[in-house]
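Subject: Structure for your files

Hello,

Here is the structure I promised to pass on. My notes on what was found follow below it.

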Amino acid sequence: MKDMDDGSSSSSSFDSDDEGDVGEESVESSDKHKLVMEAVCKSCENPYDYNLHLSALSALSGDRVYASQLEQQFERFHEAFPLSLELWLQYIELNPEKLPEAFQDYLLPALYYKYVDDLDDDDAKDAEVRWSVVLRALGSHWTECENVYHLYRAFLTDSIDDAATLNARVRSSYQGQLLNPYFEGSDRVLSEYRAWSQYQPNPADFTGEQDSIQRRIHSASPLLAKMQTFERNLDKADAADVSALQTLWLEYANFVVSRVSTLGCGVVVSVLERSVAAVCLSGELWGRYLTFLQDKRMKCLDVAKRAVRNVPFESAPWVALFVSMEMEGSTSAEAIHQVGADLCGRQPSPLDQEKRLEVLLAFCDAVRRSGSHEVLLQAFTMSKAAMGDWVVGKCALLMYESKCEPIVQRTSGLQPRWVELWDEVLQHRSHEVCAWQSCISECLRVGGTVEETRGYFKRGVAAATDYPVVLAEAWVVFERELGDHVQFWIEAKRHYALLLRQYYVSEVSSSDKSESRKRLLAAEDGSKTGKKEVLDRRQAEYKKQRLSDDTNKTVFLCELDKAITKDDLLDLFASCGHVTDVRMLLRNRESQASRGMAYVEFDSEAGAECALKLDKQPFHGTPLNIKPSHPPTKKPPVVKDGVWKTNGSTIYVSGFGDATSESSLLSAFAKFGNAKSAMILGRKQKKNIYGLVEFTPEDNVDAILQMLGSTNVHVDGAKVLVKRARFSVVEMLEQQAKTKSTQKQHKNKPDQPRAALPESDTTMHKKPRLAFSMVPRSLKAPKVNQPFRDDGQSGGTRPVVVAAPRHEVDPSTHMKSNDEFRKLYK
């Protein structure tokens, strides 16, 4: 009994300890479960937060209890974002049937190999389908092409028993692989093909085909070498330096796209797929991929969907998605509307204001062309709500919505809905002439009456603050062409003249009032000459205002995008203060082409200082270049002496005597200004002695010369002549120093001694020179009385040559006179 009691007591104590441990573990598991559920709930509430999804996956991955929840979390994650290779391997381990969905994200060779690793030997059809998918994806891959075809041929060897069928399939695989030999190891594959063909029944049947492939590879060798260089650079690149890696891939993509006619679309698509897989968050690479597909008119719907999942912060993939959904015709208007609703419902929006407006306009375009008017109104409602408080974006959508209103001919005038939309637009932009111009053009387009259009003209002329005279001039043209009574034309003419007069009163200075009145009257006559003069005058006023801009309230912008308008600059500087004027510089008035420069004037210096802080900030894809606007400094006029430019601080003096010194010359002109130096030149010639007197730059040489012209100037008793000098004293001293240094170099240059001639040469030169006659042979006198002698050898006689003495000259060689020449020709 005692033993039993001891045993029972011991067992009871063990049980109590075990229950205490279970209680602590249950508390810990409860806390862990709470943290896991919180992470999952946060990811569900924010489905487009990438980090929250990763946190939920990390929390669920620690325990097998959450296996089903982990699979659901992966599914939610993949609906919003593409998965990396590591995440896909973990997801496939939970559900192997999800592997084909991985091919919709990136080109990951490891997943394709996994797709054909565990094939069912009994299901040959499924195996062929899988291998076709893998070969289509990796058959043009630079590094994987050789390996994937090697595995494919091994699969054929293992799965086909008939020798003839096997040989035909293997040969076809070699032909398909080497048809486009732009991959690493194409020469090795050809060598393998040659070796394999030697074991076939008729090896000679393969010779012509293999020689053709050899020539194809040889002709492709320069392009293969360039591609090899790109691949080596990519292998050496640091994966952490995303910017450098993106630049390399972009250069590689542009290279292969430019040679698509040689490489083929398969190689280009393979390079583009590898680039977006390597730098998945690169908007430029995805945009290059989509542009290539659109240029080649290939299907890009799937690529656009992938691009939107990877770079939702770029506008190009969204626009390409809507365009491809409409072009390929596989989706309905409701599907397009669903994509737009998904975009509008994202909070916060992945796009900035300008890109969001671009995408929403493309969304409304697609709905308008493929859906009903009711669906279009819903799209406009969602789009305006997605623009938030951005007035410019809302107004753009409102204008577009007004254009999409169906045109119904009504005798009573405009439709109330159209009027309501435009009233809302004009409520925000009533001070801009361009808004009133758009409203009036739309009023005429939808069939507004003359009276309704006239009402908008009246309201616009009264409300516009930038260029109301432009709107008034258009009103005059409207009444002349479409007005129903002459009194309305007179009224418009009166408003135009009043605004034009107010403009000149505020802009034209008092000195030009008489001339401006003449130009104003010429403009009021409506003649073409007057209108041209008004435009020229307006341009002159702009230039005048530019030159007088010294209040530090204006900034100058350059290197702007040529597509930037005045409204864009007003929106840009709205936060800096009230903008009084924006002047866009145009190439000419006819084309209205921008020069990429503008002046922006504020009502205070603080506004200009605030605008200068926006320098180097990105705007429409380029950094801003903002500088203070200063009037250009006027250069002094150039005075010339003939063709020579004269010096502005020195005068030329001549007419004094030889005994005059530089000090006396300086003292003679010191009373006319601050003469700082003098110089006398030409003493060595003693003919043209002149002097230079240099004054300080502050002195006005023309005023000094005017004073000297009215006063007889004498230097040491001699009256002198003065004028502007061509050079200053300093310049003359520098020129003299330069001349002396040049002369000194020539003087110090040692003479080169002549090399002594050898003795043989001296003796040769001591020999007497032969005298040659320049008289033609026909004019020479014949030789007479020439002695002959018998040589005893030739059997005849030879004339004896008698050497004349050295001092005697042959008479036949002396210079003949004219009379002697005449005698010869008689």
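**Notes on the structure**

His-33 lies in helix H1 (residues 2-45); helices (H or I, at least four residues) and strands (E, at least two) are DSSP runs, numbered from the N terminus. This is a predicted model, in which local features need pLDDT of at least 70 and side-chain atom pairs count only at pLDDT 80 or more, while totals for chains, interfaces and linings use all residues. Residues are numbered from 1 along each chain as its sequence is written, and side-chain values use heavy atoms, with hydrogens and water left out.

His-33 has a relative accessible area of 37%, so it counts as partly exposed (buried means under 20% relative accessible area, exposed over 50%, partly exposed in between, with a 1.4 Å probe and protein chains only). His-33 and Ala-59 are 26 residues apart in sequence, and their C-alpha atoms are 9.2 Å apart in space.

**The chain as a whole**

The chain has 36 helices and 16 strands. Of its 826 residues, 36% are buried. The accessible surface comes to about 50100 Å², and carbon and sulfur atoms account for 53% of that (Shrake-Rupley method, 1.4 Å probe; for residues, only the protein chains shown count as cover). Among contacts (heavy atoms within 4.5 Å) between residues at least 6 apart in sequence, 57% join residues at least 24 apart.

**A helix pair**

Helix H8 (residues 145-159) packs on helix H9 (residues 163-178) at an angle of about 170 degrees, with the axes 10 Å apart. Axes are lines fitted to C-alpha atoms, for helices over the stretch in contact, and angles run from 0 to 180 degrees between N-to-C directions. H8 is therefore roughly antiparallel to H9 (angles under 35 degrees count as roughly parallel, over 145 as roughly antiparallel, 65 to 115 as roughly perpendicular and the rest as oblique). On the H8 side the contact includes Cys-145, Tyr-149 and Leu-156, and on the H9 side it includes Leu-166, Val-170 and Tyr-174. By class, the contact of H8 with H9 has 7 nonpolar, 4 polar and 3 charged residues (Ala, Val, Leu, Ile, Met, Phe, Trp, Tyr, Cys and Pro count as nonpolar, Asp, Glu, Lys and Arg as charged, and the others, Gly among them, as polar).

**A sheet**

An open sheet is formed by 4 strands in the order S10-S11-S9-S14, with antiparallel pairing (two strands pair if DSSP finds at least two bridges between them). Strand S10 (675-681) and strand S14 (721-724) are the edge strands, each pairing on one side only. Neighbouring strands of this sheet are turned by 25 degrees against each other on average, direction ignored. Strand S9 (residues 650-654) is joined to strand S11 (residues 690-695) by 5 bridges, and Val-653 stands opposite Gly-691 in S11. Helix H32 (residues 662-669) lies across S9, S10, S11 and S14, running at about 135 degrees to S10.

**Backbone points in loops**

The peptide bond from Gln-347 to Pro-348 is cis, with omega near -5 degrees. Pro-348 is placed in the loop between helix H19 (333-344) and helix H20 (353-370).

Arg-297, though not a glycine, has a positive phi of about 55 degrees. Arg-297 lies in the loop between helix H16 (283-295) and helix H17 (301-310), and its relative accessibility is 80%, so it counts as exposed.

Glu-559 also has a positive phi, near 60 degrees. Glu-559 is in the loop between strand S1 (554-558) and helix H30 (566-572), and is exposed at 58% relative accessible area.

Regards
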